[in-house]
Amino acid sequence: MPERLVDFHCHLDLYPDFENIVRECDQLGIYTLAVTTTPRAWQRNHELASRTKYVRAALGIHPQLVDKLGDVIDLWERLLPETRYVGEVGLDASPSHYRSFEQQQKIFRRVLESCALADDKILSIHSVRAATPVLDMVERHLPRERSKVVLHWFSGSKAEARRAVAMGCWFSVNAAMMQNERMAGIVKSVVPLDRILTETDGPFTQGGGGPARPSDVLDAVQAVAGAFGITTRQASQQIVGNMKLLMAATI
Ligand code: MN
């Protein structure tokens, strides 16, 4: 295994062996951001992650679930002081979720405003078919110096990627995303190597023999290496370095 790996967006609590996979990340030394889809999952994720060196839990409200979760934004807001990491949050304007788009925007606005007030948060943001509204809202409600934004599995246009880079956003890329020629081209031509992190988005992507596990993030590292014409070792060192810079305090 080359150096250390970074899986900056993985749903550890959606694996049948949740506790085991948290332990696995720690044993393998994979820096993992355990994102959540509802603040109701926070306590357990936080509890397990706080016993590890490499896993951190993020507090989320998933945009695809806002219409099913009930009124959990107050709970989300109450829990925010317990963590520096926020995710999965964002907007989803794909056909099956467009119905809740207004509700998603209300919630995302509260998320951004709370983060702006709280200061120094790191957000993992979903933006399916909604890169422009996500960037508009980030620009309007989250002053750049107050937090750091990581766009998870970005799928927008080249112009949107360029705008995100100019706004100071980071990108967590996965192997499936890099298999898409258009996206690989955008990453390569628009995103600077020092703004790139890797992710699996497991269990929603495939790895070796089934749902991707954090160790499968090596596939994403190799894809980044291929896109930028560097070795896998250089890519993994760069990505760990990027993550450490991202984690460094804003103030
Ligand atoms: Mn996800």
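Mentor: The manganese ion is held by H9 and H11, each through NE2, by E88 through OE and by D201 through OD, at 2.3 Å. Donors here are N, O and S atoms within 2.8 Å of the metal (3.2 Å for Na, K and Ca), and water is not among the atoms, so sites may look incomplete. Along the chain the donor spacing reads H-x1-H-x76-E-x112-D. Helices (H or I, at least four residues) and strands (E, at least two) are DSSP runs, numbered from the N terminus. Both E88 and D201 are buried, meaning under 20% relative accessible area, with exposed over 50% and partly exposed in between (1.4 Å probe, protein chains only).

A word on ground rules: this is a predicted model, where local features need pLDDT of at least 70, side-chain atom pairs count only at pLDDT 80 or more, and totals for chains, interfaces and linings use all residues. Residues are numbered from 1 along each chain as its sequence is written, and side-chain values use heavy atoms, with hydrogens and water left out.

Now the sheet that holds β4. Five strands make an open sheet, ordered β4-β5-β6-β7-β8 with parallel pairing; two strands pair if DSSP finds at least two bridges between them. β4 and β8 stand at the edges with a single partner strand each, so one side of each has no neighbour in the sheet. From one strand to the next, the twist averages 30°. Axes are lines fitted to C-alpha atoms, for helices over the stretch in contact, and angles run from 0 to 180 degrees between N-to-C directions. Inside this sheet, 5 bridges join β5 (residues 121-128) to β6 (residues 147-152), and I125 stands opposite L151 in β6. Helix α9 (residues 218-228) lies across β7 (170-173) and β8, at about 150° to β8.

V191 counts as buried because its relative accessibility is 5%. Leaving out residues up to four places away in sequence, V191 touches V165, F171, I186, I196 and F228, where contact means heavy atoms within 4.5 Å. V191 and F171 are 20 residues apart in sequence, and their C-alpha atoms are 8.0 Å apart.

There's a second open sheet too, with 3 strands in the order β1-β2-β3 and parallel pairing. β1 (5-10) and β3 (55-57) are at its edges, each with a single partner strand, so one side of each is left without a neighbour in the sheet. Its twist averages 10° from one strand to the next. Between β2 and β3 there are 3 bridges, and A34 has A57 in β3 as its bridge partner. Helix α10 (residues 232-247) lies across β1 and β2, running at about 60° to β1.

Zooming out, the protein has 10 helices and 10 strands. Of its 251 residues, 56% count as buried. Among contacts between residues at least 6 apart in sequence, 74% join residues at least 24 apart.
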